[in-house]
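Here is a short report on one protein chain. It covers strands, cores and the domain interface.

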Amino acid sequence: MHDVIVIGGGVIGLSIARELASSKSVLLLDRGPTGQGTSHAAAGMLTPLSEADDQGPFFQLCRTSLAMYDRFVEELQQESSLDVAYSKEGLLSLASSEESAATLLRRYEWQHQAGFEVELLPPGEVRKMEPLVTVPVIHALFMPGERSVAPRRLLNAIRESCFVRGVEIRTGVHVDAVSPNTVHFGHMTMQAASIVIASGVWSAELNGLNPRIPLSPRKGQILSLAMAPGAFRRMIRWGHSYLVPRPTGELIVGATNEDAGFDSSVTPAGLGRLLMDAQAISSYLGSYPIVETWTGLRPATPDEFPILGSTAVHGVYYATGHYRNGVLLAPITATIVADLIEGHKPRVDLEPYSPSRFESN
Ligand SMILES: Cc1cc2nc3c(=O)[nH]c(=O)nc-3n(C[C@H](O)[C@H](O)[C@H](O)COP(=O)(O)OP(=O)(O)OC[C@H]3O[C@@H](n4cnc5c(N)ncnc54)[C@H](O)[C@@H]3O)c2cc1C
């Protein structure tokens, strides 16, 4: 008998298990090996400012989580002795059309007025900062506080840290259903005071849930190129595509966002667009070797907010639906779920993320 059972070993489930392990005995179950779901596919951008058009609660949630990252990474690297390739070089957002330039300017104005770290750059400055950028630019923003991490390294580090903190991890366990304080798999049941559903885009498949949740997969195709270390330093957003340079020498080019059900194939149309955009940002990229192509399924909710909180099934909590921001939101999600389970008042208002918003499902 454990105090807590976490179902799902992606960035969300592992982070929650790790956080709770200091006060509770925790068992984490995953149907596969841990860290091979959507989290394995992520680009690892920790970038709440670069797409935000207002200061709503979700933006605040993302900012709060980003503010927790320094400590999160420091502890993880110390406990695991692994390097998670955390980069603090910032992000350049580039606009080449009048329409995207207007969007960028609006973003600059509200963020600057609100006191966030954002700079409007003269176009010539972009080439000084990133000499290999060749796309013509009308407006450019620099957000020095935006960060990135290598998700696969992060997953390894969180898993190691879980072991150090005493989390029991069992893989190859496909949970079929939940009932009050109980998980069911095959002909077996296990009980715990608290059960956390952190099964990513597959969370809605479990039987016994109440309320049921409308999660849908949004497919992302993504690839990596080999670059000379340091060729690019900062993340770059342009149109619907982005580049994320890793200190380890890979350049991530992402990502599509497709409504394709649970299909996870890599397609000529998807990769084609990414490769075209990458070469538009920098003509140098045409000669970089492709290292890997892959896909992931983002767990999307209709309002694009995560689902955090207790359910109508006694002892069962949701921590899912993190859509495009699960890596960014891992530290704050872990803290929120730990607060709920330990009986503390969560440090953020959970109303916008409450499972009860789907009660009619
Ligand atoms: C192309 C792409 C790029 C992205 N880029 C970013 C980014 O730059 N920044 C960012 O913050 N986010 C990004 N995301 C989003 C991020 O990857 C997700 O929000 C996050 O990975 C969700 O994590 P999770 O732990 O909820 O799910 P997952 O990582 O999918 O983990 C769920 C786990 O549950 C297990 N599981 C499922 N069902 C069961 C069951 N019945 N029984 C037992 N185990 C089960 C699975 O095996 C899996 O290990 C990106 C996503 C994609 C696809």
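Strand β6 spans residues 139-143 and is mostly covered, with 4 of its 5 residues buried. Buried means under 20% relative accessible area, exposed over 50%, and partly exposed in between (1.4 Å probe, protein chains only). Helices (H or I, at least four residues) and strands (E, at least two) are DSSP runs, numbered from the N terminus. This is a predicted model: local features need pLDDT of at least 70, side-chain atom pairs count only at pLDDT 80 or more, and totals for chains, interfaces and linings use all residues. Residues are numbered from 1 along each chain as its sequence is written, and side-chain values use heavy atoms, with hydrogens and water left out.

Strand β4 (residues 91-95) runs antiparallel to β6, joined by 5 bridges. Two strands pair if DSSP finds at least two bridges between them. In this pairing L92 stands opposite F142 of β6. Strand β5 (residues 119-121) also pairs with β6 in the antiparallel sense, over 3 bridges. There L121 faces A140 of β6.

## Nonpolar cores

The largest nonpolar core has 47 residues; V6, I16, Y69 and L154 touch the most other members. Such a core is a set of buried Ala, Val, Leu, Ile, Met, Phe, Trp, Tyr and Cys residues joined through side-chain atoms within 4.5 Å. Elements that each supply at least two residues of this core include β1 (2-7), α1 (11-20), α6 (151-165) and α8 (326-342). The largest share, 10 residues, comes from α8.

I16 touches V6, V196, A319, T333, A334 and V337, leaving aside residues up to four places away in sequence. Contact means heavy atoms within 4.5 Å. Another core, of 27 residues, lies apart from the largest one; L92, V133, L225 and M227 are among its members.

## Domain interface

The protein is divided into domain 1 (2-79 + 151-213 + 303-358) and domain 2 (88-146 + 216-300). These bounds come from an automatic or database domain assignment. The C-alpha centres of the two domains lie 27 Å apart. In contact are 31 residues of domain 1 and 32 residues of domain 2.

The domains bury about 2600 Å² between them, 58% of it on carbon and sulfur atoms. Buried area is the accessible area (1.4 Å probe) that two parts lose on being put together, summed over both. M45, L49 and Y323 supply 25% of the area that domain 1 buries against domain 2, more than any other three residues.

Between the domains the count is 4 salt bridges. Each is a side-chain nitrogen of Lys or Arg within 4 Å of a carboxyl oxygen of Asp or Glu. R237 forms a salt bridge with E51, with the closest N and O atoms 3.4 Å apart.
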